[in-house]
Amino acid sequence: MLRCVLVTALAGVLVLAPCAPAADLPPHPTEKQLAVQAAMVSAREHLGAHRPTEAVAELEKEISNADGSTAFLSLLREAYQAELAQSEKAPVHDQKRTEQLQRRLAILNGKLRPAHAPVGVAPIAAVPAPNLGPSLVPPSVTEEPAAPVSPAGNPPAPTASAGAAAADAVAAFKNRNYVDADRLFAALGAARLSAEQKAAWAYCRVKLAADRVNAPDCPPGTAAAAVQEVSEAIQLIPPSADLYKVAQQVLKAAQAKAGGAAAAVPVAASADVLETASFRVHHGGDRALGEAVAKAAEANRKATFERWSGPPGGAWNPKCDVIIHSTADAYAAATGKPAALTGHASVSLTNGHPTARRIDLRADDPALATNALPRELTHVVLADLFADRPPPKWALEGMAVLAGAPTEVERYTRTLARCARDGELRALAALFELKDFPADNITGFYCQSVSVTDYLIKLKGERHFKIFLNDAQRYGTPQALRRQYNIDGPQALEVAWKRASLTP
């Protein structure tokens with residue numbers, strides 16, 4: 001049944017041949033299977049080389065021959081998700097292609113719904129968008145509105161690049177590329193926007209929030225984040241505007257879906273905030289610390305993407321909020337986490353796409369910038385790289401710890417031998433099967449996870465380790481070890497790892 005639905009629903013991308021004349025023999029079932037297998041092999045190669053569009057093309061040619069194969073459909077889903085992620089990060093956003101991919105993923109997931117707005121939400125597309133003519137793009141920097149002076153000090157004077165950024169934001173808006181327009185307007189800040197540009201920015205935020213709320217499987221956390229987004233957008237437009245009325249309707253629908261859920265990033269607007277392309281750093285009045293963390297966050301984000309996958313595809317939208325708490329007690333009181341922790345990260349996902357990113361840190365941690373920040377930022381980046389399904393806990397924690405300070409990594413390495421003597425380590429086959437943090441021997445779990453991750457990385461590098469994790473999700477860990485490292489399963493890895501890591 002799924003095969004029939006796919007062939008019918010994806011007819012826009014398939015050319016179905018007419019019935020062959022009686023004299024022509026139909027392809028033998030073996031030939032069909034060979035064609036399907038060849039397409040899957042080719043698609044995996046394209047995905048491994050970050051060419052999801054080519055992978056999709058290879059697979060779609062064989063949909064009618066796949067006969068509902070679970071492995072085929074799983075790979076097709078992965079290819080669609082990869083192309084969707086790449087498309088949304090591209091400098092020029094193809095909204096039509098994005099909608100096609102989202103529809104096909106909905107078909108695969110069995111969640112296709114008629115395209116209509118939920119009750120109580122006016123279709124946002126029916127609202128006339130603000131008309132941004134060329135005269136509304138600042139022709140010179142002297143015509144830009146002056147930013148107010150904050151208690152923390154004077155803002156930087158307008159530069160020529162601000163006018164160019166406004167022009168880019170307006171161009172993206174006119175092209176209906178609302179994701180990029182939102183990011184570009186946000187980078188400028190409301191103080192440097194004209195009234196019309198503020199309305200355009202508000203339109204982007206309300207439109208994107210409405211799209212999330214309109215999704216048939218919109219979870220309460222995502223709806224709560226939409227409540228916050230629309231609430232902030234409303235501040236940019238006058239109450240008399242048509243958009244204001246629609247925003248109120250979207251807000252009401254989002255509140256209904258959110259129920260009692262809190263936004264994943266419940267951060268109030270404040271003067272003690274520094275913004276970069278991908279981060280909002282809430283520094284609590286310590287501007288010097290905020291600037292240092294903002295600079296380190298952008299540098300670490302770039303380095304983390306390049307370490308595990310490749311250059312980042314663009315700035316984050318939504319941005320990642322970095323909350324710096326003054327003390328361990330303040331951190332514990334605000335987050336409910338133990339005061340002994342130096343930080344933690346959280347990411348909210350909807351249909352494999354981040355809708356909120358947040359990192360909480362402590363200002364009294366002397367290794368904030370060198371250890372806690374890169375460690376927690378790795379968690380946030382990995383949510384992008386493994387949007388469909390996160391890696392296992394042992395790998396996730398191992399990758400995060402290895403991003404931190406060398407002295408911290410060395411602490412785990414030194415403790416490993418003690419854990420081995422005390423019987424706190426697991427057989428690697430058991431470690432790989434853990435779905436969550438273990439209830440016992442947590443120190444041994446962390447030390448072993450860091451050590452095994454480091455061992456595999458040293459064999460072939462970080463990016464190859466990520467490919468191994470992708471393969472493990474697809475084929476299972478034993479087969480992934482054979483494919484990527486020529487290691488005959490977890491037991492063989494355990495022998496080699498112990499020889500390298502635990503032998504004096």
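1. Let's start with the sheet in this predicted model. Five strands make up an open sheet in the order 1-2-3-5-4, and their pairing is mixed. The edges belong to strand 1 (273-275) and strand 4 (343-350); each has a single partner strand, so one side of each is left without a neighbour in the sheet. From one strand to the next, the twist averages 15 degrees.

2. Strand 1 runs antiparallel to strand 2 (residues 279-282), and three bridges join them. For Leu 274, the bridge partner in strand 2 is Val 281.

3. Now to the helices on the sheet. Helix 12 (residues 287-308) lies across strand 1, strand 2 and strand 3 (320-325), and its direction is at about 150 degrees to strand 2. Helix 13 (residues 328-335) also packs on the sheet, where it touches strand 3, strand 4 and strand 5 (353-362). The direction of helix 13 makes about 150 degrees with that of strand 5.

4. How many disulfides does the structure hold? The count is zero. Cys 447 is in no disulfide: its nearest cysteine sulfur belongs to Cys 419 and is 4.3 Å away, whereas a disulfide needs the two sulfur atoms within 2.5 Å.

5. Finally, are Cys 447 and Cys 320 buried or exposed? Cys 447 has a relative accessible area of 3%, so this residue is buried. Cys 320 counts as buried because its relative accessibility is 0%. For both calls, the cut-off is under 20% relative accessible area.

Methods: Residues are numbered from 1 along each chain as its sequence is written. This is a predicted model: local features need pLDDT of at least 70, side-chain atom pairs count only at pLDDT 80 or more; totals for chains, interfaces and linings use all residues. Side-chain values use heavy atoms; hydrogens and water are left out. Buried means under 20% relative accessible area, exposed over 50%, partly exposed in between (1.4 Å probe, protein chains only). Two strands pair if DSSP finds at least two bridges between them. Helices (H or I, at least four residues) and strands (E, at least two) are DSSP runs, numbered from the N terminus. Axes are lines fitted to C-alpha atoms, for helices over the stretch in contact, and angles run from 0 to 180 degrees between N-to-C directions. Contact means heavy atoms within 4.5 Å.
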